[in-house]
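Please read the following briefing alongside the sequence and the 3D view.

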Amino acid sequence: MPSDTRTAAPSAGEEGAARRARAAVSPADPAAERRRARRSRRYRRDVRWSPYVLIAPFFLFFLAFGLFPLLYTGWASLHRVELGTPTDMEWVGLRNFSRLLDDDFFWNALRNTFTIGVISTVPQLLMALGLAHLLNYRLRGSMFFRVAILTPYATSVAAATLVFVLMFSRTDHGMINWGLGLVGIDAVDWQNGDWTAQFAVSAIVIWRWTGYNALIYLAAMQAIPKDLYESAALDGASRWQQFRHVTVPSLRPTILFTCVVSTIGATQLFGEPLLFSQGASPTGGSDHQFQTLGLYLYEQGWFNQHLGRASAIAWTMFLILVLIGLLNWVISRRIRRNA
């Protein structure tokens with residue numbers, strides 16, 4: 001039989017190798033080389049500068065609405081300047097700060113801020129820790145409860161405060177006084193009393209932020225290794241003992257974080273006491289009984305029109321927050337060292 005003289009067709013790999021070999025032998029196209037060089041330069045510039053372009057909007061907004069107001073407020077705190085004529089500044093040095101030391105209303109606002117912060121933060125975090133502990137176990141409809149406890153945080157401050165104003169109404173039509181009347185207790189004038197007004201404002205803060213902190217604690221609890229609970233159960237520890245000796249020690253950094261954040265929020269408290277007072281007055285009640293630092297700053301700057309003094313109050317609040325941050329840093333270092 002005659003032999004088959006047909007040859008096998010070259011494979012795709014062989015054709016690609018042949019093209020590369022011809023390209024290596026043939027002289028390079030100058031136009032193609034220039035295009036490749038331009039693409040290479042664009043690629044290097046893109047890799048080098050794209051991250052800065054992507055984060056530039058944040059820094060631009062921070063410079064415009066964060067750093068510049070902070071520096072300008074610090075400069076204004078060293079001058080006598082009024083709201084009606086913000087460009088007319090008279091240098092007074094630290095006079096605005098020294099006046100705060102002799103201002104009884106400033107110390108009253110600082111004291112109210114501290115007491116409201118304590119009354120609202122301590123029960124809030126304890127309740128959040130308990131709710132997170134309950135949600136950490138397998139419950140039917142746990143996802144519903146997790147969403148439900150976050151609902152107050154998503155509620156408007158104005159809407160929540162107005163509802164609590166109706167609840168704490170000094171008349172018998174208020175829900176709280178109505179409930180007290182059922183057990184034989186006389187109606188309480190919540191807004192005009194010192195401690196009662198601060199308790200009512202704190203109740204708004206507790207209602208709004210307990211669920212938020214509970215979810216933070218829940219996320220931290222779910223990160224605790226299950227082996228620790230199993231070992232404690234094998235040693236005969238009850239659920240309460242597991243909570244005390246396993247859960248709480250493991251949550252120390254998270255508890256410290258929520259304490260610091262809640263303290264910062266209490267220092268800046270503004271919306272709740274403003275709307276709780278009649279007519280949204282910045283005085284914080286008829287006798288300044290629940291006026292916070294935020295309300296006092298608002299009163300000085302926008303009602304009394306003393307922007308220099310308001311700037312000094314703002315920087316005083318900033319320095320207080322810096323001290324809180326330093327305290328947090330020191331405690332965190334000690335916790336990590338002991339761990």
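Apart from its neighbours within four places in sequence, S202 is in contact (heavy atoms within 4.5 Å) with I116, I119 and S120. This is a predicted model, in which local features need pLDDT of at least 70 and side-chain atom pairs count only at pLDDT 80 or more, while totals for chains, interfaces and linings use all residues. Residues are numbered from 1 along each chain as its sequence is written, and side-chain values use heavy atoms, with hydrogens and water left out.

**Setting of S202**
- S202 lies in helix α8, which covers residues 194-222; helices here are DSSP runs of H or I with at least four residues, strands are runs of E with at least two, and both are numbered from the N terminus.
- S202 counts as buried because its relative accessibility is 1%, where buried means under 20% relative accessible area, exposed over 50% and partly exposed in between, with a 1.4 Å probe and protein chains only.

**Overall form**
- The protein has 14 helices and 2 strands.
- With a radius of gyration of 32 Å, well over the 20 Å that the globule rule gives for 339 residues, the protein is more spread out than a compact globule; the radius is taken over C-alpha atoms, and the rule is 2.2 Å times the number of residues to the power 0.38.
- Taken along the principal axes, the box filled by the C-alpha atoms is roughly 120 × 70 × 45 Å.
- Buried residues account for 33% of the 339 residues.
- Of the contacts between residues at least 6 apart in sequence, 65% join residues at least 24 apart.

**Helices α13 and α14**
- The axes of α13 (residues 293-303) and α14 (residues 307-338) come within 7 Å and cross at roughly 160°, the axes being lines fitted to C-alpha atoms over the stretch in contact, with angles from 0 to 180 degrees between N-to-C directions.
- The two helices, α13 and α14, are therefore roughly antiparallel; angles under 35 degrees count as roughly parallel, over 145 as roughly antiparallel, 65 to 115 as roughly perpendicular and the rest as oblique.
- Residues of this contact include Y296 and L297 of α13 and I313 and M317 of α14.
- By class, the contact of α13 with α14 has 9 nonpolar, 3 polar and 1 charged residues; Ala, Val, Leu, Ile, Met, Phe, Trp, Tyr, Cys and Pro count as nonpolar, Asp, Glu, Lys and Arg as charged, and the others, Gly among them, as polar.

**Helices α10 and α11**
- Helices α10 (residues 239-250) and α11 (residues 252-267) pack at about 60° with their axes 4 Å apart, and are therefore oblique to each other.
- In this pair, V248, P249 and S250 of α10 meet R252, P253 and I255 of α11.
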